[in-house]
Amino acid sequence: MAEVRHIEFKETAARLAEAAPPPVSSPSGQGTDELKGEKMVLNVGPSHPATHGVLRIVLELDGEIITGARPEVGYLHRGDEKIAENFTYTQFVPYTDRLDYLAPLANNVAYALAVEKLLGIDRHLTPRCQFIRVICCELARISSHLLGVGCYAMDCGAMTVFLHTFTEREKIYNLCESLTGARFTTAYTRIGGLSRDLPPGWVEQCRQFLNEVVVNIDETETFLTRNRIFVDRTQGVGVIPKDVAIDYGLTGPNLRGSGVEHDLRKAHPYLVYDQLKFEVPVGTTGDCYDRYLVRMEEMRQSVRLVHQCLDQLPGGPINVPDGKIVLPPKDRVLTRMEELIHHFINVTQGVNAPPGEIYFGHENPKGELGFYINSKGGGTPHRLKIRSPSFVNLSILSWLLPGHMLSDLVAVLGSFDFVMGECDR
Amino acid sequence: MTALELAQQLRAKFPGLISEPVEFREEITLKVSDAERIPEVCAVAKKELGFDYLVDITSVDNYGDDPRFTIIYHLYGYSHLCWLRLKAEVSEEKGEMPTVTGVWRTADWHEREIYDMMGIRFRGHPDLRRILMWEGYPYFPLRKDFPLAGKASDVPEVAFTNAAPLEGGPFVTIAGGKDTVAREPRVRIPDTETVETNARLERRQDIKEAHGHSHGPGPIEKKK
């Protein structure tokens, strides 16, 4: 691990004492109770523009200073883990779109890799499939960060950036549409492969998009990185020291903003990440501004990764050649007995997974998206747990918010870039 | 240092408490025979073996077995980049084990989620409330005896009073049924052998009672 600067930041109680010094006792001999302001309870959300979804935070305020914060989640709970126990592995793929709905392709890949790890085929995927999956993950990362940065700027009062990045995101959705047939609900991966190959001309479209998005990222930087208002609102606000970030289990850009150089793509390379060149950006002070800078740089690295994948994209099949895992081609199903049986068993009973348990962590745009699968054999999991990054990242709020001004709330929330669909599952 | 070596070191510190490491898909699992000593084991794993990041805590319901619940801890160390899985079992009668919030602060929400979904209480937790479901919800939905379609409740103010607000819940595929209703039932109740389609049949019954016919508004009377 690279050397990191240790960040000094006080614990909640010390910060509060500093932010709101206790009133001195009055000279007239009156009790201090009269002079003490009453604490006010403010309910933010569940539907509030700055909470990006349905997050509710119950704040306790002393004047303008936050003295206590209690995040309440669960307004978007749909019981995905319960549903997974009743579905075959392939049937659950569309549900992963709805976790982090700003990066559905990355969720599809994460889930497929988890099931493939259980089956023991995650190292035996076809090369073309692996490269296409990396392209999917990185496009999803660019899309998610463009939205994250755009919304963050809007929270801090810069409307232009939001519209500017959204124009670019629209192009990613067009690419998704021609690739998967859907703009948001992609359901692109299958266990052991992909639902379809790249359409003709897609590589050129993608290259053109990459050339355009680099310009857009540079322009976004000129809007924000040296913008006095933006810098004043984000620098030194919401500082998370390295040890606290680890203690609270932060992952993704939020962890790297605090100076921990850890990226699952580098530390435990899956797919073909070990063959590709990219850097992992880290912050130095752990404040909101650093988390923003990390996201900006990650987008550039993603562009670099997609360029390399398009250059090296091999030919060949996209699915593993095993009829017991992937559906056989339709023309063979209609003409041959064995393929017909495979098709029938695959659809009605699902892939036959061995008994056992695995955990697979995937570097999603928001952090570590992990799937824990407990199998007793057969086509459905006995238990499937989704370790979602937004859920864990939000748990630090009750530690982080006290001591900040109320107006810093939106700056801190925006810098976390969370998605409630994934938090509440 | 590999995960297996770290697992052996942890095992050596607690003789008789931790089982032989099990390896599956390059992942190491250790079973702690006494759930009461989990915080102790975790503290040693964090302080002496560098497992400074608690990835996840989760629970599994082994319905029909004793002890019924398994609690699973996923540990990770940023200094050695190794994962380790710890498991402990909790019986249904006890339904309680000590918290590890004193070791990692991130355990707070994970333990609340397990309490919410499986109904296992964590002794010493600073704020053990429901997290995903709402206050006052009467059931623990991830338990295996909780049906997919939901459960009726007699507390109309806090929970649905009818099962399956979506008219039967999602489809469940079971191969080998005699007709499509049996092959793709909407509700699977783990206790019963027969697969029932309660919600859909009930709804059909309601329509029949209202209109005298289950499909559409009823037979058209001939004009005289």
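What percentage of the 224 residues of chain B count as buried? In this predicted model, 34% of them do, a residue being buried if 20 or more other C-beta atoms, placed from the backbone, lie within 10 Å of its own, exposed if 12 or fewer, and partly exposed in between. Residues are numbered from 1 along each chain as its sequence is written, and chains are lettered from A and ligands numbered from 1 in the order in which they are written. Local features need pLDDT of at least 70 and side-chain atom pairs count only at pLDDT 80 or more, while totals for chains, interfaces and linings use all residues.

Chain B holds five helices and seven strands; helices (H or I, at least four residues) and strands (E, at least two) are DSSP runs, numbered from the N terminus. Read from the N terminus, the elements of chain B follow the order α-β-β-α-β-β-β-β-α-β-α-α. Of the contacts in chain B with a separation of 6 or more, 44% are between residues 24 or more positions apart. Two residues are in contact if their C-beta atoms, placed from the backbone, lie within 7 Å.

An open sheet in chain B is formed by five strands in the order β1-β2-β5-β4-β3, with mixed pairing; two strands pair if DSSP finds at least two bridges between them. At its edges are β1 (22-24) and β3 of chain B, each of which pairs on one side only. From one strand to the next the twist averages 25°. Within this chain, strand β4 (residues 69-76) of chain B is paired with β5(B) in the antiparallel sense, over eight bridges. B:L75 has B:L84 in β5(B) as its bridge partner. Helix α3(B) lies across β3 and β4 of chain B and runs at about 10° to β3(B). Axes are lines fitted to C-alpha atoms, for helices over the stretch in contact, and angles run from 0 to 180 degrees between N-to-C directions.

The contact between the chains takes 36 residues from chain A and 31 residues from chain B. On the side of chain B that touches chain A, β3 (53-61), β5 (83-90) and α3 (107-118) of chain B each supply at least two residues. The most comes from β3(B), with six residues. This side of chain B divides into 19 nonpolar, four polar and eight charged residues. Ala, Val, Leu, Ile, Met, Phe, Trp, Tyr, Cys and Pro count as nonpolar, Asp, Glu, Lys and Arg as charged, and the others, Gly among them, as polar.

In chain A, helix α5 (residues 127-155) packs with helix α12 (residues 288-312) at an angle of about 155°, the axes being 9 Å apart. The two helices α5(A) and α12(A) are therefore roughly antiparallel; angles under 35 degrees count as roughly parallel, over 145 as roughly antiparallel, 65 to 115 as roughly perpendicular and the rest as oblique. The crossing of α5(A) and α12(A) is left-handed, a term used if the near helix is turned anticlockwise from the far one by less than a right angle, with right-handed used if clockwise. The residues of this contact of α5(A) with α12(A) comprise 14 nonpolar, four polar and four charged.

Helix α5(A) also packs with helix α6 (residues 159-180) of chain A, at an angle of about 160° and with the axes 8 Å apart. This makes α5(A) roughly antiparallel to α6(A). The crossing of α5(A) and α6(A) is left-handed. In the contact of α5(A) with α6(A), 14 residues are nonpolar, three polar and two charged.

A:Q130 has its place in helix α5 of chain A. A:Q130 is buried, with 21 other C-beta atoms within 10 Å. Leaving aside residues up to four places away in sequence, A:Q130 touches A:L125, A:L271 and A:V272. A:Q130 and A:L271 are 141 residues apart along the chain, and their C-alpha atoms are separated by 5.4 Å.

Chain A also contains an open sheet of three strands in the order β6-β7-β8, with antiparallel pairing. Its edge strands are β6 (353-364) and β8 (383-387) of chain A, each pairing on one side only. The twist averages 5° from one strand to the next. Strand β7 (residues 367-378) of chain A and β8(A) run antiparallel and are joined by five bridges. A:N374 stands opposite A:R383 in β8(A). Helix α4 (residues 104-119) of chain A packs on the sheet and touches β6 and β7 of chain A, its direction making about 150° with that of β6(A).
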